[in-house]
Amino acid sequence: MKAQPPNIDDNAATSLPARQFQRQDDPDWHWLEARDDHQVTAFLEAANSASDAWFQPLEPLAECLYSSHLARRELALTGLATRLDHFTVWSETAADAEYPLWWRHPNDKPEQRECFLDLQTRAAQQTFLELGDMALSPDEQWLAWTEDTQGDETYTLYLKFLPDGNPIALLEQIGAELCWAEDGSTLLFTRYDATQRPDSIWRLPLTLELDGRCRSDEPGLILCEEDPEFWVGIGKTRSRRWLLIESASKDTSETHLIPADQPATPPVCFRSRQRGVEYAVDHRPGLFYVLHNQAAVHFQLDAFPEQDFSGGAQQGTVIIPHRANVTLEGIDAWQWGLIATERNHDTAQVQLRCMEFTDDGALVRDELLPIAAPPVSIGLGDTPHFDARVLRLREESFTTPASWWALDLDTGERELLKRQPLHGDLSPEDLICERLWAESHDGERIPVSVVRLARLAGQPLPTLLYGYGAYGEALDPWFATARLELLGRGVAFAVAHVRGGGDRGEPWYLAGKLEHKPNSFHDFLAARNMLVEQGQAESGRIVAYGASAGGLLVGASLNLQPDAFCAAVLDVPFVDVLRTMENPDLPLTTAEYTEWGNPGNPRDARRIRDYSPLDNLAAQDWPAVFLQGSWHDTRVPYWEPAKLYARLSLANAVDPVLSNRPVLLRTDMEAGHGGASGRFKAWRDGARQDAFILWALGLANGVMDSRVEDDNDTAH
């Protein structure tokens, strides 16, 4: 049996807010959407108070988890320095600081270090601070950046002369993204429409004086995207020759180009959009590279002569053809060739492919870069120079902290530049990760990653099962220091790589969206059941975890099989899917039609209604639930977890069998979708969450300072 926090009347603590604020004429609690109604904040604050009361007996455990987490980390951090054209830049975070400071020194003169952006001091004046983007001018004398001080993902643009000029606030209520043109006096930025969709790209001409003074002209519109399903973004090729303006929906894209040194030039469309065709453009001298899925569902790479470009859809030369078992996920162009990111469908593993060409275009090298033992994440690190022949790579796994390597393309030698330090009683050698496979309802094989203490291999353990399954996002291996607090107490951490994510390439994504969305839920439950059947997890001691679209995954799975889990954590969960998708005035709704469907179509509406968690709550015994929301969240509004909390806690209160299964809601009234902005506050929030998980797994009593002592002790 699960241990209960002592001296807590679960029924009184968790049902009081819902009973107090219940409205008989609104059983679905839609009135919570009225943000300006003072009763809404009163309800959320009452729920927070009830949550605090329930957690009070667990506070010593949460404090122990927090302190142990800090003891495992290197609190004073120095980022990896990056050499630019004139200066070398890096970040430093003091041991007691929430935010970093950015430093620089002239190349080859490390003794002349100077701080050029102090986020810790700026954050001291705010309850929330999130850096949106940061961009150095081409001559590296001016810094532009965007800040969000509400958590609602709207930003203010600042500019300063380096290193110590006064910050100048130039624009408010803009998007996060910034890009300098190569003329050194023009900034490009994004703006939102009424639904907070980035719908336009703007040009801001600047007059920059050597004494640090600045004047800005009125911004000029470059491009406005009228289609409500599309959003816009900006970038620049590594060659620094072209500015890129991309307009994209979930399944269609279009790119416009502007010469980077002539930002006033009207943008030219590279290839007009075609419904269902995605493409991206990169550049090397003389060539444009186009990664696309036209008649190539897993994507292929074509090359086009730069001199022939005039905005038409020329016939290109195939560089990497379409393949049946590999998705081509991305390309990075360099003076000497390309690095392609590829994903093998069978192994669900990403690799980097290096292709080198002679000046006349002959392919002289084509090989996969070596990786550590899979499953592992690998990607390019920050390597800004177009002609660089020493690349930075970043690797990590479920058992090994992030490492940064320098790869010399000429010698093949790899040099370790930095590895995330780890302290305490656990090292990577104490952990083991296995890749298992579950069989879903239709026979499809689902990858499941399981991490545990190596000495507990072969034993069924209390388990935390994590999933996401949307937007083609792959849950590639990642290391989390906080996770060691659970692993050290004999908990296994499992990841279900369900359809709807990109873990097995583009087909995996397509098989879990729109009409195929229920596959995600069946896959998650199949992963859970496989862990039990293979003796990996204890049947009655499995907690489900999902955030954002992962909250939908967990909520829908609980409706299908409520007894599959002893508890669930739903963080900013997307659970009111149908009602949200029926409201085009909400942020992101129209852009999501190609992911979930448009409820204006009756068939889509029925399909969404059939799985939307709040539309399928019934008189069934959901387990203990910890829900988390944020007042300023523009992606998943605070009212989605609040509605689920209200309805579940009322249902549990009237059923004596369920009254000891707490339903908890905690709403951060100062944060947005990503939660707390400061690292220490985020870690405290995580410690509280882990205390709930340990309680649900029956590991809360008597384990404040305990660890697994030997092979046969699972810390019950």
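Residues are numbered from 1 along each chain as its sequence is written, and side-chain values use heavy atoms, with hydrogens and water left out. In this predicted model, local features need pLDDT of at least 70 and side-chain atom pairs count only at pLDDT 80 or more, whereas totals for chains, interfaces and linings use all residues.

Two helix pairs were examined. Two packed helices are described by the angle between their axes and the distance between the axes. Axes are lines fitted to C-alpha atoms, for helices over the stretch in contact, and angles run from 0 to 180 degrees between N-to-C directions. Helices (H or I, at least four residues) and strands (E, at least two) are DSSP runs, numbered from the N terminus.

Helix H3 spans residues 59-72, and helix H13 spans residues 679-696. Their axes lie 8 Å apart, at an angle of about 130 degrees. H3 is therefore oblique to H13. Angles under 35 degrees count as roughly parallel, over 145 as roughly antiparallel, 65 to 115 as roughly perpendicular and the rest as oblique. The crossing of H3 and H13 is right-handed. A crossing is right-handed if the near helix is turned clockwise from the far one by less than a right angle, and left-handed if anticlockwise. H3 contributes Leu61, Ala62, Glu63, Leu65, Tyr66, His69 and Leu70 to the contact. From H13 come Phe680, Trp683, Arg684, Ala687, Arg688, Asp690, Ala691 and Leu694. Contact means heavy atoms within 4.5 Å. By class, the H3 and H13 contact has 10 nonpolar, one polar and four charged residues. Ala, Val, Leu, Ile, Met, Phe, Trp, Tyr, Cys and Pro count as nonpolar, Asp, Glu, Lys and Arg as charged, and the others, Gly among them, as polar.

The second pair is helix H7 (residues 518-533) and helix H8 (residues 549-560). Their axes come within 9 Å and cross at roughly 75 degrees. H7 is therefore roughly perpendicular to H8. Ser520, Phe521, His522, Phe524 and Leu525 of H7 meet Leu552, Leu553, Val554, Ala556, Ser557 and Leu560 of H8. This contact of H7 with H8 has eight nonpolar, three polar and no charged residues.

Several strand residues were then considered. Gln300 lies in strand S21 (residues 300-305). Gln300 counts as buried because its relative accessibility is 14%. Buried means under 20% relative accessible area, exposed over 50%, and partly exposed in between (1.4 Å probe, protein chains only). The side chains of Gln300 and Asp302 make a polar contact at 3.0 Å. A polar contact is a pair of N or O atoms within 3.5 Å; within protein, one must be able to donate a hydrogen and the other to accept it, and residues adjacent in sequence count only if both atoms are side-chain atoms. Beyond four places in sequence, Gln300 touches residues including Val290, His292, Ile320 and Leu328.

Trp102 belongs to strand S4 (residues 101-106). At 22% relative accessibility, Trp102 is partly exposed. Trp102 and Glu114 are 12 residues apart in sequence, with their C-alpha atoms 8.6 Å apart. Glu114 is also one of the residues that Trp102 touches. Others include Trp90, Phe116 and Met134.

Gly235 sits in strand S15 (residues 231-236). Gly235 is partly exposed, with a relative accessible area of 22%. Gly235 and Glu177 are 58 residues apart in sequence but 8.7 Å apart in space, C-alpha to C-alpha. Leaving out residues up to four places away, Gly235 touches Cys179, Trp242, Leu243 and Leu244.

Attention then turned to loops. Glu153 is in the loop between strand S7 (142-148) and S8. Glu153 is buried, at 17% relative accessible area. A 2.9 Å polar contact joins the side chains of Glu153 and Arg635. Contacts of Glu153 also include Tyr192, Gln196 and His673.

Two peptide bonds are described as cis. One joins Leu162 and Pro163, with omega about 10 degrees. Pro163 lies in the loop between strand S8 (155-161) and strand S9 (168-174). The other runs from Pro374 to Pro375, with omega near 0 degrees. Pro375 is in the loop between strand S26 (363-368) and strand S27 (377-380).

Asp108, not a glycine, has a positive phi near 70 degrees. Asp108 lies in the loop between S4 and strand S5 (114-118). Asp108 is exposed, at 61% relative accessibility. Ala348 also has a positive phi, of about 55 degrees. Ala348 is in the loop between strand S24 (337-344) and strand S25 (349-357). Ala348 is buried, with a relative accessible area of 7%.
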